[in-house]
Amino acid sequence: MTEAEFDRVADDYQAQHAASIRLSGEEPAYFANYKAEDARQIVSLAGLKPENILDFGCGVGNSIAPLRKHFPEAQITGLDVSLESLAVARNVHGDTVEYRSYDGLQIPADIGRFDLIFTACVFHHIPHAQHIALLRQIKALLKPGGRFILFEHNPWNPLTRHAVANCPFDANAVLISAPEMMRRFKSAGFCCAPIRYRIFFPALFARLRPLERYLTWLPLGAQYCLSGN
């Protein structure tokens with residue numbers, strides 16, 4: 001999607017998102033929360049306590065509250081191509097977050113450097129030919145020892161494909177498999193942790209979710225996580 005397309009859906013983003021994932025039995029907040037919790041676990045295992053976090057492609061700010069919860073002492077910067085989406089985020093979350101816009105190609109040079117760069121289901125909206133160049137820019141923004149953590153939809157999961165196909169703001173999305181995204185990470189110079197597949201059970205089978213920690217190797221989860229430095 002272009003900046004203008006995201007601007008047009010900003011006010012209705014939450015409703016469209018909720019409708020597209022209704023088969024999961026969960027609200028968008030469930031997915032935002034698990035990602036921030038996973039990010040906290042990843043950086044904790046690395047011995048990292050982030051002081052500065054970049055939410056790359058923050059949109060209307062769905063990840064801001066979970067990131068605040070799990071990283072209460074960190075300063076958060078939200079970066080997005082859509083000024084309307086940033087306005088929605090600012091209206092909801094106030095000015096405790098720094099909001100920055102960019103043109104989708106070149107991240108502002110004065111944005112600073114970060115201990116943690118986090119992105120949640122953003123890269124399937126970015127033309128694939130631009131991925132490696134953007135990943136190289138992201139890597140350059142990491143402080144020594146910092147981590148980049150990416151979550152994406154898994155195209156090998158049929159419910160994920162159904163959700164994306166029925167979501168208006170995903171009309172032009174092109175999903176990326178985890179192995180392909182890892183190849184792009186490595187091409188951009190990242191050292192990568194193993195792929196972690198996530199979200200195997202809808203709300204109807206929520207009692208089985210404690211088993212998911214043992215299934216992260218199985219490429220059938222609804223989403224996946226990659227991390228690198």
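A pocket, on a 1 Å grid over the protein atoms alone, is an open set of points where a 1.4 Å probe fits, with protein on both sides within 12 Å along at least five of seven lines, and its lining residues have an atom within 4 Å of a point. Grid points are joined across faces, edges and corners, and a volume is the space filled by probe spheres set on the points. This is a predicted model, in which local features need pLDDT of at least 70 and side-chain atom pairs count only at pLDDT 80 or more, while totals for chains, interfaces and linings use all residues. Residues are numbered from 1 along each chain as its sequence is written, and side-chain values use heavy atoms, leaving out hydrogens and water.

The second largest pocket comes out at about 280 Å³. Of its 13 lining residues, Asp 38, Arg 198, Arg 209, Glu 212 and Arg 213 sit closest to the centre. Helix H3 (28–45) gives the largest share of this lining, five residues; helices (H or I, at least four residues) and strands (E, at least two) are DSSP runs, numbered from the N terminus. The lining splits into seven charged residues (Asp, Glu, Lys and Arg), four nonpolar ones (Ala, Val, Leu, Ile, Met, Phe, Trp, Tyr, Cys and Pro) and two polar ones (the others, Gly among them).

Now for the inside. A nonpolar core is a set of buried Ala, Val, Leu, Ile, Met, Phe, Trp, Tyr and Cys residues joined through side-chain atoms within 4.5 Å; buried means under 20% relative accessible area, exposed over 50%, and partly exposed in between (1.4 Å probe, protein chains only). The largest core has 33 residues, and Phe 56, Ile 107, Ile 117, Phe 123, Phe 148 and Tyr 224 touch the most other members. Take Ile 107: beyond its neighbours within four places in sequence, its contacts (heavy atoms within 4.5 Å) include Phe 56, Leu 79 and Tyr 102.

Strand S5 has nine of its twelve residues buried, so S5 is largely enclosed by the rest of the structure. S4 and S5 run parallel, joined by six bridges; strands pair if DSSP finds at least two bridges between them. Thr 119 stands opposite Leu 150 in S5.

Leu 220, in the loop between S6 and S7, is partly exposed at 47% relative accessible area. The C-alpha atoms of Leu 220 and Asn 157 are 5.4 Å apart, although 63 residues separate the two along the chain.
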